[in-house]
Amino acid sequence: MIQSPYNDQSATARTPLRVLALADRRPKINIIQTVRDRQIDLIITLGDFDRSDLLALAYITDIPKIGVYGNHDSGEYMQEVGIADMHCKIWQYRGLTFGGFQGCVRYKDNPQAIMYTQEEATKLMQGFPPVDVFLSHCPPRGINDEEAIDHQGFDALRQYLDLYHPKVWLHGHTYPVGDQTVTEYNGTRIEYVYEHKFLSL
C-alpha cells in the first residue's frame, strides 16, 4: 500500500472528488492555472508522456497526484514531479480505495518498454484486492480495445473487473470512437481519457 501524507480515512460521508485525469498526449491546458481555477482535489495520470509534458506537476504540492506508466514511458518521471506510482499498489483517500496497473500487452521485443504478456499480467494481478477506483494505461480485454495486439486489453484486468466490479475504471492507450466508446460495464463506470478529462469521483 502507498503511504502518503494525504491518506484520510476519517469521513464516511464526503463531498465528491474533483479530478483532473491525463493520458497519452500533452494536455492543451495550463495545468497549474486549471488546477487552481477548477479547485481540483486529485490529479491522475495514465501514462505515455514525455518528461517535459508533466513538469508543471512538480509545482503542485498541495493536492495528491497518482498515476501509472504507459508503454511509451521511460518509467522515471513520476518521482521527479511528485506522482505516486500506483502499479500493483493500493491507496486510500477520502473514503475511496484506488488501485493501478501499468503498461500494455507486449507487442514487440523491447526490454525497456513497459509491456507484459497476458500471462505475466495475470501473475502480477493474482490476489490483488478489490478497490473502488482502478487506474490502468491499457484497458481490460473487450473494453474499448482492439484485437490487434498493440491495442488489445489485458485478460487479467477483465477478470478483475468481472470479479470485483470497481465503481470507476480509468484508462487510456486505445482510440475508441464516438458511440463505440464503452462508458459502463456491469455497474462499473468506464472513463476513457485522452489528453485531459475532468471527473467527479
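Predicted model: local features only at pLDDT ≥ 70, side-chain atom pairs only at ≥ 80, totals over all residues.
A disulfide is a pair of cysteine sulfur atoms within 2.5 Å, and a search of the whole structure finds zero of them. Cys104 is in no disulfide, since the nearest cysteine sulfur, that of Cys138, is 5.9 Å away. Cys138 is likewise in no disulfide, with the sulfur of Cys104 as its nearest, 5.9 Å away. Both residues are hidden from the surface: Cys104 counts as buried because its relative accessibility is 0%, and Cys138 counts as buried because its relative accessibility is also 0%. Here buried means under 20% relative accessible area, exposed means over 50%, and partly exposed lies in between, with a 1.4 Å probe and protein chains only.

Residues are numbered from 1 along each chain as its sequence is written, and side-chain values use heavy atoms, with hydrogens and water left out.

The two cysteines lead on to His173, which touches Asp24, Asn71, Cys104, His137, Cys138, Pro139, Asp150 and His151, not counting residues up to four places away in sequence; contact means heavy atoms within 4.5 Å. His173 is found in the loop between strand E10 (168–171) and strand E11 (184–185), where helices (H or I, at least four residues) and strands (E, at least two) are DSSP runs, numbered from the N terminus. Although His173 belongs to a loop, it counts as buried because its relative accessibility is 4%. The side chains of His173 and Asn71 are joined by a polar contact of 3.3 Å, which is a pair of N or O atoms within 3.5 Å; within protein, one must be able to donate a hydrogen and the other to accept it, and residues adjacent in sequence count only if both atoms are side-chain atoms.

The strands can be followed next. Six strands form an open sheet in the order E5-E6-E9-E10-E12-E11, and the pairing is mixed; two strands pair if DSSP finds at least two bridges between them. Strand E5 (90–93) and E11 are the edge strands, each of which pairs on one side only. Within this sheet, strand E9 (residues 133–136) and E10 run parallel and are joined by four bridges, and Phe134 stands opposite Trp169 in E10.

Strand E1 has pairings of its own. Six bridges join E1 to strand E13 (residues 195–200), and these two run antiparallel, with Leu22 opposite His196 in E13. Four bridges join E1 to strand E2 (residues 42–45), and this pair runs parallel; in E2, Ile43 is the bridge partner of Leu20. E1 is mostly covered, for five of its six residues are buried.

What lies in the largest nonpolar core? A nonpolar core is a set of buried Ala, Val, Leu, Ile, Met, Phe, Trp, Tyr and Cys residues joined through side-chain atoms within 4.5 Å. The largest has 39 residues, of which Val35, Ile43, Leu57, Phe101, Met125, Phe134 and Phe154 touch the most other members. Several elements each supply at least two residues of this core, among them strand E1 (18–23), helix H1 (31–37), helix H3 (118–125) and helix H4 (155–164). H4 gives the most to this core, with four residues. Apart from this core lies another, of 21 residues, among them Leu17, Met86, Val133 and Leu199.

An α-helix has 3.6 residues a turn, so residues three or four places apart point the same way. Just after H3, Gly127 takes a positive phi of about 75 degrees.
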